[in-house]
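I open this notebook to record what I looked up, entry by entry.

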Amino acid sequence: MEQELAQRIVSGLHDAGIDVITYLPETRLSQMLPLLRDDGSFKLIAVSSEAEAVTIGAGAALGGKQVAVYMECTGLYVSCYSILSIAKRFGVPLLLLIAHLGSFADQRNNSVYAVSGAYVTPILDALEIQYRLVESGQNLETCIKDAGRHTQALKLPVALLFSGDFTR
Amino acid sequence: MIRYECFEWLAPLMTDQLVVTSLSGQRVEWGHLSKREADLNLGSMGNALAVGIGLALALPQRKVFVFESDGSVLLSLFNLPTLANLNPPNMAVFVFDNQAYSGTRISYPSATAGKTDLAAVAKGSGIEHSVTVSALADFKKEATAALHDGGLRFVVCKIEESVGHRNITRSDVDLLETKYRFVRYLERTEGKPIFQGRG
């Protein structure tokens, strides 16, 4: 991902009012992490599993924070139980930022990723989590802000799936 | 040690501490004895500890108690290194370890009935104050310290397997109701909006 896009994600998270980000780093969007850290206005919470990225994030959201959860798409598989048993069942707003490896537009797609990417949208559909595909910087900040507003309005997780230009 | 006796002693001492409970009989017993707005009964395995971490980080001025079970902690062992590294000083975890999956009704032994020592796992993960207690007097000592002192505590409470909670009438408060009661309590006591509706 170009540095400019990484910086614009950070700006979008600012605009969306996000103040806590739980994360397990991955390969496509990780350039935003040093920017988030340097920014100083986000509480960054590093985790050992995407499952607890969701549950720790849910605890922070119930405590009054606006939370984004950053993960690779394989992390969605790992965190399905947490999403269902806490975020969905209790109705907790979480903005899921998912690097969609193995998707059509993944510029680094290969046999390692392709199968992992194939089940992401069917799983989101099965969990009834609304999502948007984000493949370029067009309207990026607006897209993040809209997603942030929507998760707060729904009081449920909402996902942005990043691929295309974000995977270069 | 009997879990219900621990709760019977502790419940009247709680003031504004937040309590997160997992799934086992402890949620029924604590729910029966406490009934506080500051209690968040999750009703699921493997989640209470992490939700407690999120609350402790979001509200550093509040004390967060987490009541866990051996089966629930074993399901999400990855929480322990994360907890150790975040090290929230306002959090106390009490794991009521009956060494069995008693909710299964066949009392199937958990790993702590075998070789696994959860306090040692927590210690090895980096949680400095990680201890095991098996007498009510020792539980009281740890819980008193958790109420009054700072610092992360991880206390494995070795308890007898009990099915006493099966005789307690279950609460009819559903999970969404629990959430809103808890969140509205926090809004009131913290003086800030959390879930804003514009109905």
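For the first entry I take a salt bridge to be a side-chain nitrogen of Lys or Arg within 4 Å of a carboxyl oxygen of Asp or Glu. I note at the outset that the model is predicted.

**Entry: salt bridge in chain A.** I looked up A:D165 and found it in a salt bridge with A:R168, where the closest N and O atoms lie 3.1 Å apart. I then checked the accessibility of both partners. A:D165 has a relative accessibility of 26%, so I list it as partly exposed. A:R168 reaches 53% and therefore counts as exposed, as the cut-off for that class is over 50%.

**Entry: salt bridges in chain B.** I asked which residue B:D39 meets in a salt bridge. The partner is B:R36, at 2.7 Å from N to O. Are B:D39 and B:R36 buried or exposed? B:D39 has a relative accessible area of 6% and is buried. B:R36 is buried as well, with 12%.

I next looked up B:R188, which forms a salt bridge with B:E37 with the closest N and O atoms 2.7 Å apart. This pair links distant parts of the chain, since the two residues are 151 residues apart. I located B:R188 in helix 8 (residues 175-190) of chain B, and B:E37 in the loop between helix 2 (25-33) and strand 2 (39-41) of chain B. B:R188 is exposed, at 54% relative accessible area, whereas B:E37 is partly exposed, at 32%.

I also recorded a network in which salt bridges with shared partners join A:E4, A:R8 and A:E141. Over all chains, I note 14 salt bridges in the structure.

**Entry: positive phi in chain A.** I looked up A:E128, which is not a glycine and yet has a positive phi of about 55 degrees. I placed A:E128 in the loop between helix 6 (120-126) and strand 5 (130-134) of chain A. Its relative accessibility is 62%, so A:E128 counts as exposed.

A:K155, also not a glycine, has a positive phi of about 55 degrees. I found A:K155 in the loop between helix 7 (140-154) and strand 6 (157-162) of chain A. Is A:K155 buried or exposed? A:K155 counts as buried, with a relative accessibility of 12%.

**Entry: a helix pair in chain B.** Two packed helices are described by the angle between their axes and the distance between the axes. I looked up both values for helix 1 (residues 3-10) and helix 7 (residues 136-148) of chain B: the angle is about 40 degrees, and the axes are 11 Å apart. The two helices of chain B are therefore oblique to each other. I recorded the crossing of helix 1 of chain B past helix 7 of chain B as right-handed.

I then listed the residues in contact. Helix 1 of chain B contributes B:E5, B:C6, B:W9 and B:L10. Helix 7 of chain B contributes B:L136, B:F139, B:K140, B:A143, B:T144 and B:L147. By class, I note seven nonpolar, one polar and two charged residues in this contact.

**Entry: burial of a helix in chain B.** How many residues of helix 3 (residues 48-58) of chain B are buried? I found 11 of the 11 buried, so helix 3 of chain B is largely enclosed by the rest of the structure. Among these buried residues I noted B:L49, B:V51, B:G52, B:I53 and B:L57.

Technical notes: Residues numbered from 1 in each chain as written. Chains lettered and ligands numbered in written order. Predicted model: local features only at pLDDT ≥ 70, side-chain atom pairs only at ≥ 80, totals over all residues. Heavy atoms only, no water. Helix = DSSP H or I, 4+ residues; strand = E, 2+ residues; numbered from the N terminus. Buried < 20%, exposed > 50% of the residue type's maximum accessible area, 1.4 Å probe, protein only. Axes fitted to C-alpha atoms, helices over the stretch in contact; angles between N-to-C directions. Parallel < 35°, antiparallel > 145°, perpendicular 65-115°, else oblique. Left-handed = near helix turned anticlockwise from the far one by under 90°. Contact = heavy atoms within 4.5 Å. Nonpolar A, V, L, I, M, F, W, Y, C, P; charged D, E, K, R; others polar.
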